[in-house]
Structure formats: structure tokens, C-alpha cells
Amino acid sequence: MNQDLIQYLLRLGDSAMVQAQRLCQWCGRAPALEEELALMNVGLDLVGQARNWLEYAAELANDGRDADHLVFRRDERAYRNLLLVEQPNGDYAVTILKQFFYDAWHFAVLQGLVRSSDERIQGIAAKALKEVTYHLRRSGEWVERLGDGTEESRQRMMAALPQVWRFTVELVDADAVEQRLFQAGIIGNPEQVALAWQHQVEATFERATLPVPQAASHFYLSGRQGLHSEHLGLLLAEMQFLPRAYPDATW
């Protein structure tokens with residue numbers, strides 16, 4: 001059970017960290033100053049959440065590594081993030097859809113974790129849920145605004161949807177690790193998470209006048225197993241350069 005919990009904490013922490021890194025790539029490039037500030041704030045929230053999850057994972061592993069080591073010294077095959085978050089930002093429609101799908105899943109997961117039998121997880125999840133409630137409201141409103149907006153914004157959302165949708169299979173397909181943790185009372189019911197995610201997507205897409213695609217099929221890659229797309233290695237090379245080049249540097 002301890003190893004299952006470590007793996008699950010890595011999934012939460014890695015996904016938050018990689019998504020934060022993607023959002024920070026919009027710095028100086030966002031379509032409006034207000035959006036740049038909003039994206040950076042969401043990214044900072046996710047960095048804080050990633051630190052909390054990874055610090056707990058490091059404590060449980062008790063092998064001399066800390067959260068910084070887990071972020072900056074692991075290779076891509078050791079990362080356990082969702083495939084969705086490692087995909088490139090694309091245009092703003094792609095970024096918004098990625099963020100919305102992740103937020104809807106994240107919100108449902110945290111709702112289960114605030115009732116965890118593990119008090120440490122309860123505390124981290126309770127704080128994160130307040131932040132992710134805002135994240136979901138913001139990204140959902142943008143999906144509606146773009147989907148039911150101008151002709152161009154709708155075309156961009158329709159073009160973004162098939163690019164992003166195929167990576168949502170991991171959001172609703174629980175594995176044995178999650179099932180065991182649920183049976184132990186540590187995480188919420190994965191089936192309820194999947195249903196909550198689906199309902200959130202359907203309700204938001206209806207308001208956005210966007211079609212909901214058929215359920216994504218199983219993918220040959222699996223972020224939970226360390227089998228990533230080619231994009232993660234490039235992202236980590238950028239993110240990890242300084243800590244790896246100067247491993248003993250201090251502020």
C-alpha cells in the first residue's frame with residue numbers, strides 16, 4: 001500500500017508540475033495582459049500543489065530525495081503525469097481545452113481526497129480544492145466563450161477538440177493502483193470521478209454549443225506507467241537544465 005500511495009502522489013504532483021510549466025510558457029505571449037496574469041496565477045497554484053504532493057511522496061519513500069530532487073533530477077520515464085498535460089500549448093483554444101479537461105478531472109479527484117482516511121492528504125486536498133474551484137470556473141467560462149463566440153473562435157475550438165480529446169482516456173480509466181487505494185479509503189471512488197468529469201464536460205459543452213465526442217479509446221502510451229509522448233522529454237530538458245548543470249548551486 002505504501003508503494004501504491006507513493007505512485008499516486010507522484011501522479012498528482014507530476015501532473016500539476018508539468019501543467020504549471022506549460023502554462024508558464026505563455027509568459028509574454030498570452031493574448032491579453034489579464035490572461036497572462038491569470039495563467040501565471042494558475043501555474044503558481046499548481047506549483048504549490050505539486051510541492052505538497054511530492055514532499056509527501058519523498059517522505060514516504062525515505063530514500064534521501066526531496067521534492068526538488070523529484071522534479072529536477074528524474075528522467076521522463078520516471079515521471080507519472082497525465083499525457084494530457086505534457087502536450088504542447090498550441091493556440092489559445094488548445095490551451096483552454098487542455099486546462100478545462102484537466103481542471104474538471106482535478107476538481108473531481110480532490111472532492112474525493114478531502115474525505116481521505118489519510119489526514120495529510122485531507123489537508124493538502126482541502127487547500128488545493130479551493131484553488132481548483134477557481135481554475136475550473138475560469139477554464140469552463142472560457143470554453144463557453146470561445147465555443148459559442150465568434151465564427152473564428154468556434155472554428156479554433158472545433159479544430160482543437162480532436163487534438164486534445166484522445167488524451168482524456170487516462171482521466172476516466174482507473175488502474176489497479178487506484179482501485180486498491182480506494183478500497184483502503186485513501187482516495188475517492190474512481191468511477192465517481194469519471195462520472196463527475198463526464199457530467200462536467202457535457203454540461204459545459206452544451207452551454208458552449210460544442211459536440212461531445214465519443215469516449216476516447218485506449219491509448220498505446222500511458223503516463224502512469226512512464227510511457228510518455230515525445231513532448232515531455234523536451235519540456236523536462238528546458239525545465240531541468242540549470243539544476244542538472246549546477247547541481248550544488250544554492251541561492
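I start with a term: a salt bridge here is a side-chain nitrogen of Lys or Arg within 4 Å of a carboxyl oxygen of Asp or Glu. What you see is a predicted model, in which local features need pLDDT of at least 70 and side-chain atom pairs count only at pLDDT 80 or more, while totals for chains, interfaces and linings use all residues. Residues are numbered from 1 along each chain as its sequence is written, and side-chain values use heavy atoms, with hydrogens and water left out.

Now the salt bridges. Glu144 pairs with Arg207, and their closest N and O atoms are 2.8 Å apart. Glu144 sits in helix H6 (residues 119-147) and Arg207 in helix H10 (residues 190-207), so this pair ties together parts that are 63 residues apart in sequence. When I say helix, I mean a DSSP run of H or I with at least four residues, numbered from the N terminus.

The cut-offs are under 20% relative accessible area for buried, over 50% for exposed, and partly exposed in between, using a 1.4 Å probe and protein chains only.

The model has 15 salt bridges by this rule. Another one joins Arg11 and Glu178, with 3.4 Å between the closest N and O atoms. Arg11 belongs to helix H1 (residues 2-24) and Glu178 to helix H9 (residues 176-183), so the pair ties together parts that are 167 residues apart in sequence. Arg11 counts as buried, at 7% relative accessibility, and Glu178 counts as buried at 13%.

The next pair is Arg51 and Asp68, whose side chains meet at 2.9 Å, N to O. Arg51 lies in helix H2 (residues 33-61) and Asp68 in helix H3 (residues 67-72), so here the parts tied together are 17 residues apart in sequence. Arg51 is partly exposed at 39%, and Asp68 is partly exposed at 37%.

To go back to Arg11 and Glu178: salt bridges that share partners join Arg11, Asp175, Glu178 and Arg224 into one network.

Next, the interior. In soluble globular proteins, nonpolar side chains tend to be buried together. A nonpolar core, as used here, is a set of buried Ala, Val, Leu, Ile, Met, Phe, Trp, Tyr and Cys residues joined through side-chain atoms within 4.5 Å. Which residues of the largest core touch the most other members? Of its 80 residues, they are Trp53, Leu97, Phe101, Trp105, Leu113, Val143 and Phe205. Helix H5 (residues 92-113) gives the largest share of this core, with 15 residues.

Take Val143 from that list. Setting aside neighbours within four places in sequence, Val143 is in contact (heavy atoms within 4.5 Å) with Ile96, Leu97, Phe100, Met157, Thr204, Phe205, Ala208 and Leu210.

How do H5 and H6 cross? Their axes come within 7 Å and cross at roughly 145°. Those axes are lines fitted to C-alpha atoms, for helices over the stretch in contact, and the angles run from 0 to 180 degrees between N-to-C directions. The residues of the contact of H5 with H6 divide into 18 nonpolar, eight polar and two charged. For that tally, Ala, Val, Leu, Ile, Met, Phe, Trp, Tyr, Cys and Pro count as nonpolar, Asp, Glu, Lys and Arg as charged, and the others, Gly among them, as polar.

Val42 is in helix H2 and counts as buried at 3% relative accessibility. Not counting residues up to four places away in sequence, Val42 touches Leu23, Gln99, Tyr134 and His135. Val42 and Arg138 are 96 residues apart in sequence, and 9.9 Å apart in space, C-alpha to C-alpha.

Last, the loops. Asn62, in the loop between H2 and H3, has a positive phi of about 50° although it is not a glycine. At 66% relative accessibility, Asn62 counts as exposed. Thr209, in the loop between H10 and helix H11 (230-239), also is not a glycine and has a positive phi of about 55°. Thr209 is partly exposed, at 37%.

Ser222 is placed in the loop between H10 and H11 but is buried, with a relative accessible area of 16%. Beyond four places in sequence, Ser222 is in contact with Leu83, Glu170 and Leu227.

How values were computed:
Helices (H or I, at least four residues) and strands (E, at least two) are DSSP runs, numbered from the N terminus.
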